[in-house]
Amino acid sequence: MLAVTRSSLPRVPWRVCRAAYATAPSLNPVIEQDIHHFSKILPSTSVVSTLSPVASPASDLDQFNNDWMGKYKGQATTVVKPKSTHEVSQIVRHCWERRIGVVPQGGNTGLVGGSIPLKDELVLSLANMNKVRSFDPISGVLVADAGCILQSLTDYIAPHNHIMPLDLGAKGSCQIGGNVSTNAGGLRLLRYGSLHGTVLGLEVVLPDGTILDQLTTLRKDNTGYDLKQLFIGSEGTLGVITGVSILTPPAPQASNNVILALPKFDNVLPLYKLVKQQLSEILSAFEFIDRTAYELAVKHGQGRALSDEDVRGAACFVLVETSGGRREHDEEKLNHLLETLLEAEKPLINTGVLSQSPAQFSSLWALREGVTEAISKEGKAYKYDISVPLSSFQDVVDGTREHLRSKGLLNDSAVKHVIGYGHVGDGNLHLNVVAESYSPEIQAALEPYVYEVVASHRGSVSAEHGIGSMKTHALHYSKDEVSIALMKKIKEIFDPRGIMNPGKVLP
Amino acid sequence: MRPSKACLLNILVPVKRAVDYAVKIRVNPQQTGIDTNVKHSMNPFDEIAVEEAVRLRERLKDQVKSIKAVTIGPPKSSETLRTALAMGADSAIHVEIPESAPSPEPLAVAKTLRAIIERQSKAGADSGIDVVILGKQAIDDDLGMTGQMLAGLLGWSQATFASKVEIDVEKKEARVIREIDGGSEEIKCRLPVIITTDLRLNEPRYATLPSIMKAKKKPFEKLTAADLGVDLTPQLETIKVTEPPKRVGGGKVETVDELVAKLKEAGIKAV
């Protein structure tokens, strides 16, 4: 229903659009009396506000009011940085009583504006909650404050030969609480599964300030409704995650990777099938980069390029990573696979390169991971993070390119590139449209076109980036009316006053 | 000892298997050495040497008759040779030492290489080595002497720390630009020559899958020190290996006086 009205609206830049989803009118702004109250709960260094008596310069709030892409901008006057669950609870209870909107914020590395206030809500930064609570090297269960940075957790458990079950580009800034509340995917999902499986327990401050303690370390617990699952991926709309208990797998003892050059996209799926069969449990990544994405990564210095000879005739590339417990075993499997590939009568691949050292291993990964950065250097990106059946990856990319061409937008002054890359293993395609600048015409050509294409494949409009404020209007392309109505009821039960991250996720 | 008469080059590339440079080095609990149960790869300077040999062939075409890689090391060093073969070397010699044997020192390595070069020249008039390209140092022991010692033992020209190499096969001459303090130096030397590589010489290629497969079928010879009549027993005895002292964080001082007092306390005096 909403879509009909929206698509019939005149197309205006997103910033103006967002006014339509602004904070519910019943919410109150933060005022001086609130600052006084927060100052009683928190030390003075933990309250940043442009209001008196704190009166910080507005620039101190910039990093909390803006996202890293410079796409979303909030007008929060106040940021609080509690150090303990108890402090979070006191702050949230006050906001509940005063009906002040609360935006929980982790590393602020999201892509859909989920951690940026829509108006002048209170920003609750978890950055100061950064202690590891416990780690059991036998079971591998890690219990940590929500504000722990993913990389620091990785470093913490590395001496115990464990790794975090998730890894993503933003690992140096993103926080585990944010990862969980957005159900972040990333590069290890193929191997270790999603956070719905690896998170064992959560501690959450509910919208009225009550502390929900489900911070268990049990792997098996079939006792009633699994409430923690509701908070995983709810993007802070149901409560503030303050502690996370997560199962970490043992660190692989050996890793290898190989980039394969394919003559046509149609070969990706048979290749995936063969690779899965032969590598079996040591397969840890199967990533797809189309030729345009590869060229961009090389152009912007992400990883060392393959030789011209190896690239010739390649329509796309696949990066395969193995990680296992014993190098000889892994290499034997990998070598056998590569021999099968090269000696096949109808080869699926043109050629490929196998990393010979950790330096080359990183260089090959950089070609894939560097695509995001290369795109931001090339121009302004419209990013669509979609799940579609593997077989339609290329159709979606080519279809979008043709659609833009038919609208006369595919040229140097409008859209420069339409590229696809992503996690084939998870059915997750990153469709990126790189333009000279953001413009209403391009926006109108892409939406709802892309969402409709996704819906036609019964795909997801947000595979791993979430909904945030960017895609609330598109939720219905992936979730039917019954589902959305139930989601709204759940929100109503947890947060009848609508103070938690208002304007996010639900339309 | 002199190279072949025909105008065709035979290149020898000695390579070493070393702890990969990305690995964090840890001293073993007995303090007799480092933990070697970590990822190893080809010494990066040697990788540059292999790449340069392959590039010489790409430039000089048929004038390069052969590129032979050689290593002295434990059984696993054969992987390093496979990498060299995958990058484009034609054949390999592995002078194998037992897993537990100490790492040979530069003089012993140079003498082993000399023995191999002599063996090659005895094998036929057109198989004598004309050019040896090797890393300027190995990143594990950082000794940086093997190339120079080999040149000394053979009485050949030496061009160390090369950042550019050109070879005129007809004139039997090499022009090499060397990295020196404050700039670079261009030298001309007669073949046969020992060239040691510096970082800027080239950027080694990836090993492609077809070449990795082909490498498995290339000639691969295994020898022992005894076969070559050399003694690899080290002349030096390692007494103890320790980690550098841990960095201690600094402190903050409130005033200049306090700073001066702290400096005095630390025994620092005005000059």
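1. The second largest cavity is lined by A:Met69, A:Lys71, A:Leu111, A:Val112, A:Ala381, A:Lys383, A:His465, A:Met470 and A:Lys471. On a 1 Å grid over the protein atoms alone, a cavity is a set of points where a 1.4 Å probe fits but cannot get out, and lining residues have an atom within 4 Å of a point. The volume of this cavity is about 50 Å³, counted as the space filled by probe spheres set on the points, which are joined across faces, edges and corners. Its lining comprises five nonpolar, one polar and three charged residues. Here Ala, Val, Leu, Ile, Met, Phe, Trp, Tyr, Cys and Pro count as nonpolar, Asp, Glu, Lys and Arg as charged, and the others, Gly among them, as polar.

2. Please keep in mind that this is a predicted model, where local features need pLDDT of at least 70, side-chain atom pairs count only at pLDDT 80 or more, and totals for chains, interfaces and linings use all residues. Residues are numbered from 1 along each chain as its sequence is written, chains are lettered from A and ligands numbered from 1 in the order in which they are written, and side-chain values use heavy atoms, leaving out hydrogens and water.

3. A:Leu111 also belongs to the second largest pocket, being among the residues nearest its centre, with A:Thr109, A:Gly110, A:Leu168 and A:Ala170. A pocket is an open set with protein on both sides within 12 Å along at least five of seven lines. This pocket holds about 1,100 Å³ of space and has 50 lining residues: 15 nonpolar, 28 polar and seven charged. Helix 7 of chain A contributes the most, with four residues. Helices (H or I, at least four residues) and strands (E, at least two) are DSSP runs, numbered from the N terminus.

4. Which chains contribute to the open sheet of eight strands? Its order is 14(A)-16(A)-15(A)-11(A)-12(A)-10(A)-13(A)-11(B), with antiparallel pairing; two strands pair if DSSP finds at least two bridges between them. Strand 14 (380–387) of chain A and strand 11 (207–208) of chain B are the edges, each with a single partner strand, so one side of each has no neighbour in the sheet.

5. Within that sheet, strand 10 (residues 254–262) and strand 13 (residues 351–354) of chain A share four bridges in the antiparallel sense. A:Leu260 has A:Gly352 of strand 13 as its bridge partner.

6. Finally, chain B has seven helices and 12 strands. Of its 271 residues, 47% count as buried (under 20% relative accessible area, 1.4 Å probe, protein chains only).

How values were computed. Buried < 20%, exposed > 50% of the residue type's maximum accessible area, 1.4 Å probe, protein only.
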